[in-house]
Structure formats: C-alpha cells, structure tokens
Amino acid sequence: MCQALMELMKDEVQEERDKVTTDYIRNLMDSMNLSAEEAMEALRVPEERRKVFIVKL
C-alpha cells in the first residue's frame, strides 16, 4: 500500500511540475515574444520532454 501511495504522489508531483513549466513557457512566449521552442530552450527543458509541453500549449 505504501508503495502504491508513493507512486500516486510521484505522478501528482510530475503533473504539477508540468503545469508550472507550461505556465512558465506561456509567460515567456507572451512577455518576451518567444516561440515555444525558444521559451523551452531558455528554460532548459530537456529535448525528450518538449513534445509533452507542445501538446499542452
């Protein structure tokens, strides 16, 4: 049970991180007139995660 709870919490933490990162990307795009790719580069989002954020934008 403890392991299952830890996995659930891990998933929730990742979802919240993704939400915050998506907000940061949008803010950079709006305030600095950057493309999504430029904003992710500025935030140093790993290449393998960028597709996740493109879908959310």
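Let's start with R50, which is buried in this predicted model, because its relative accessibility is 7% and the cut-off for buried is under 20%. What does R50 pair with? Its side chain meets that of E37 in a salt bridge, 3.4 Å from N to O. R50 sits in helix α3 and E37 in helix α2, residues 36-42, so this pair ties together parts that are 13 residues apart in sequence. E37 is partly exposed, with a relative accessible area of 42%.

R50 also forms a salt bridge with E41, where the closest N and O atoms are 3.1 Å apart. E41 counts as partly exposed too, at 49% relative accessibility.

If you're wondering about the background, side chains of opposite charge can pair when their charged atoms come close.

Now, how many salt bridges does a search of the whole structure find? Six. One that I'd like you to look at joins R49 and D18, at 2.4 Å from N to O. R49 lies in helix α3, residues 47-56, and D18 lies in helix α1, so here the linked parts are 31 residues apart in sequence. Is D18 buried or exposed? D18 is buried, with a relative accessible area of 7%, while R49 is partly exposed at 24%.

Last stop, the surface. E7, D11, E12, E15 and E16 form a negative patch there. Take D11 as your example: you'll find it in helix α1, which covers residues 2-32, and at 45% relative accessibility D11 is partly exposed.

Terms used. Residues are numbered from 1 along each chain as its sequence is written. This is a predicted model: local features need pLDDT of at least 70, side-chain atom pairs count only at pLDDT 80 or more; totals for chains, interfaces and linings use all residues. Side-chain values use heavy atoms; hydrogens and water are left out. Patches are made of residues with over 30% relative accessible area and no salt bridge: like charges are joined within 9 Å, nonpolar side chains (Val, Leu, Ile, Met, Phe, Trp, Tyr) within 5 Å. Accessible areas come from the Shrake-Rupley method with a 1.4 Å probe; for residues, only the protein chains shown count as cover. A salt bridge is a side-chain nitrogen of Lys or Arg within 4 Å of a carboxyl oxygen of Asp or Glu. Lys and Arg count as positive and Asp and Glu as negative; His and the chain ends are not counted. The place of a charge is taken as NZ of Lys, CZ of Arg, CG of Asp or CD of Glu. Helices (H or I, at least four residues) and strands (E, at least two) are DSSP runs, numbered from the N terminus. Buried means under 20% relative accessible area, exposed over 50%, partly exposed in between (1.4 Å probe, protein chains only).
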